[in-house]
Amino acid sequence: MKHLALAALVAATALPAMAQDVKVIGVSIPAATHGWAGGMNFHAQQAVERLEEVYPQLDFVLATASDPSKQVNDIEDMLATRNISALVVLPFESEPLTGPVKAVADSGAWVTVVDRGLAQDGIEDLYVAGDNPGFGRVSGEYMVSKMPDGGKIVALRGIPTTIDNERVDGFQSAIEGSGIEIVDMEHGNWNRDDSFTVMQDFLSKHPQLDAVWASDDDMAIGVLAAIEAAGRDDIQFVLGGAGMKEMIKRTADGDQMIPANVTYPPSMIATAIEMTAVGLTSTAPVAGTFTIGSVLVTQDNALDFYYPDSPF
Amino acid sequence: MSAKLDLRVLGPILALVALIVVGALLNSNFLSAGNITNVLSRSAFIGIIAVGMTFVITSGGLDLSVGSMAAFIAGLMILVMNGLLPTLGPGVALVLVGMLAALLAGTIAGFVNGFLITTMRIEAFIVTLGTMGIYRSLVTWLADGGTLSLDFGMRTVIRPIYYDGILGISWPIIVFALVATLGEVIMRRAAFGRHAAAVGSNDQVARYSSVNVNRVRMLTYVFLGILVGVATIMYVPRLGSASSSTGVLWELEAIAAVIIGGTMLKGGFGRVWGTVIGVLILSLIDNILNLTDGVSPYLNGAIQGVIIILAVILQRERKADG
């Protein structure tokens, strides 16, 4: 903490000298350790490149961290050595990042938090949030509309986290009373191999299923491979999520097994960086909470969500 | 003496039989041909690697890099096949080139580990911890943070390597059985197996007995690297993709299987067939947990941990007796 306080002090005293010159925006995000994070890294880099050309008076520092403590170090370094005027942060975990981000806010810098909230309210100036309960709800509502007479489904869950719990709760309350029954649910950890294994075992256990809520496109790929290998034709469709380009393409092409997708766009990091840049360079107010809704993608609108250049 | 030894040997087998009985009682589909094929096929990746790991551990070494190495080789194999697709076209020739690339990469990766450990005399734990990080980063970098996917046309050509087989037995099971048999024969009958155990038991004595210690150690790592390549050849056809989440923790599963099977972690004694049993125990636990209700999925890891420790405790007791 001493170190933090010192860093904050240095930044506060150095700020006036920097004010009329170039303003620095620090961007701190988790490294590309899985598909969604890879897409998020891609969109962060794209946004930074674009904005550096648009705003000559802004400079960007982009740091990717492979774990929470590395991210804390990154943020401390930005504050101590780069005199950042604003920080855009997608916290690896809420608890460990709350203190360091608060130190940035206390130094007078603008703070934008993305996706995962901090453990303490009121630190950030702008919160760009993904809608996890909404992600589950939209998925559930689609299932209900697709299976009006009800049916048996299995569900795959992500890595055990608050994000995953919120999604599953949203899904369960959306299908309540519809006649759709979740006969089994296991963690596929947002991983293709794990979901392949879990789905193989679900297929051995349940002789008849109507649909699968894979809840993520990486998991949907594993699920589809398991169904194909088992040669089962009782399953009518698989609903993934997050909008991976390969899966969006299949929906656009009219693949019956992948009739829809639900977005949880990794490009929300770009929204956050853009809004922060607008806030620093204009008088337009951007403080508050900006929730990015999870949208249902079907064959009709799939091409609007297809980004062939993104890695995700 | 021999009766006690037999009990010690029986430990892992009894654990496996107990698991099979529990599985059969809990779910009637457990012993179906489909489920058995699934479990054996998915065991093949870890199993093939664990056979190689048995030799490394027997000779007193350790390799933490195999999971990352498998991910990196899978990525490389996909890139090579995608890159040569326009010139060779989708077909058997391209599959063979991909396989060759995987085996070559595995050999080189094993050689690098072995070289750093034997010639440069760096602790195996440190060397392979380093290469583990290197391969994991490299595959993330190759995939640009996303996923490397095999070209769609090629996927249908390569798919049979995982899903098809002879007489209803799929290829991964056949290859796993061949590798395990070969490993068992080398460990029991060949001079190399005895040398590996001698080096792991006491490398000074082995050296005085004119065993080329460095050569034996080097060969165990190269052998393991080649087997990681073989496992990758089985893995890539399954989903046709590789990413930074491929092969995570495979190294620990392989090491756990080796130890459950009765090989000594500090070296000097190895048992390949025990390793095979260890691999089967680990995959059956997962399989049974998926097939049953009533156990919170949050506790899967805890149950695995308890069974691993129990299996080793069984053997420890016997050994203290003897």
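# Exercises on a predicted two-chain model

A:Ser195 is buried, having a relative accessible area of 0%.

## Exercise 1. A residue inside chain A

Task: Determine where A:Ser195 lies and which residues A:Ser195 touches, leaving out those up to four places away in sequence.

Solution. 
Step 1. Locate the residue: A:Ser195 belongs to helix α7 of chain A, which covers residues 192–205.
Step 2. Apply the cut-off. Buried means under 20% relative accessible area, and A:Ser195, at 0%, is therefore buried.
Step 3. List the neighbours. When residues up to four places away in sequence are not counted, A:Ser195 touches A:Leu156, A:Gly188, A:Asp218, A:Met219, A:Gly222 and A:Val223.

## Exercise 2. A residue after a strand

Task: Decide whether A:Asp304 is buried or exposed, and give its C-alpha distance from A:Ile248.

Solution. 
Step 1. A:Asp304 is located in the segment that follows β12 (296–298) of chain A.
Step 2. Exposed means over 50% relative accessible area; A:Asp304 has 58% and is therefore exposed.
Step 3. In sequence, A:Asp304 and A:Ile248 are 56 residues apart, while their C-alpha atoms are 9.6 Å apart in space.

## Exercise 3. A covered helix in chain B

Task: Find how many residues of helix α12 of chain B are buried, and identify them.

Solution. 
Step 1. Helix α12 of chain B spans residues 250–260, and nine of its 11 residues are buried, so that the helix is mostly covered.
Step 2. The buried residues of α12(B) are B:Trp250, B:Glu251, B:Ala254, B:Ile255, B:Ala256, B:Ala257, B:Val258, B:Ile259 and B:Ile260.
Step 3. Just after α12(B) comes B:Gly262, with a positive phi of about 105°.

## Exercise 4. Salt bridges

Task: Give the number of salt bridges over all chains, and describe a pair that crosses between chains.

Solution. 
Step 1. Over all chains, the whole structure holds 15 salt bridges.
Step 2. One pair crosses between chains, linking B:Arg238 in helix α11 of chain B to A:Asp193 in helix α7 of chain A. The N to O distance of this salt bridge is 2.9 Å, and both B:Arg238 and A:Asp193 are buried.
Step 3. In chain A, a salt bridge joins the side chains of A:Arg250 and A:Asp255, also with an N to O distance of 2.9 Å. A:Arg250 is partly exposed at 33% relative accessibility, and A:Asp255 is partly exposed at 25%.
Step 4. In chain B, B:Asp203 and B:Arg217 form a salt bridge whose closest N and O atoms are 3.8 Å apart. B:Asp203 lies in helix α10 (residues 203–208) and B:Arg217 in helix α11, so the pair ties together parts of chain B that are 14 residues apart in sequence. B:Asp203 is partly exposed, at 25%, whereas B:Arg217 is buried, at 18%.

## Exercise 5. The interface of the two chains

Task: Describe the contact between chain B and chain A by its area, its residues and its polar links.

Solution. 
Step 1. The two chains bury about 2400 Å² between them, with 42% of this on carbon and sulfur atoms. In chain B, the residues that lose the most area to chain A are B:Leu239, B:Asn290 and B:Tyr298, together 24% of what that side buries.
Step 2. Chain B gives 31 residues to the contact and chain A gives 29 residues.
Step 3. Three salt bridges are found across the interface, and 11 residue pairs are in polar contact between the chains.
Step 4. On the side of chain B that touches chain A, at least two residues each come from α2 (33–58), β1 (147–149), α7 (160–163), α11 (213–239) and α13 (272–291). The largest share, five residues, is that of α13(B).
Step 5. By residue class, this side of chain B has eight nonpolar, 17 polar and six charged residues.

How values were computed: Residues numbered from 1 in each chain as written. Chains lettered and ligands numbered in written order. Predicted model: local features only at pLDDT ≥ 70, side-chain atom pairs only at ≥ 80, totals over all residues. Heavy atoms only, no water. Contact = heavy atoms within 4.5 Å. Buried area = accessible area lost by both parts, 1.4 Å probe. Salt bridge = Lys/Arg side-chain N within 4 Å of Asp/Glu carboxyl O. Polar contact = N/O pair within 3.5 Å; in protein donor to acceptor, adjacent residues only side chain to side chain. Nonpolar A, V, L, I, M, F, W, Y, C, P; charged D, E, K, R; others polar. Buried < 20%, exposed > 50% of the residue type's maximum accessible area, 1.4 Å probe, protein only.
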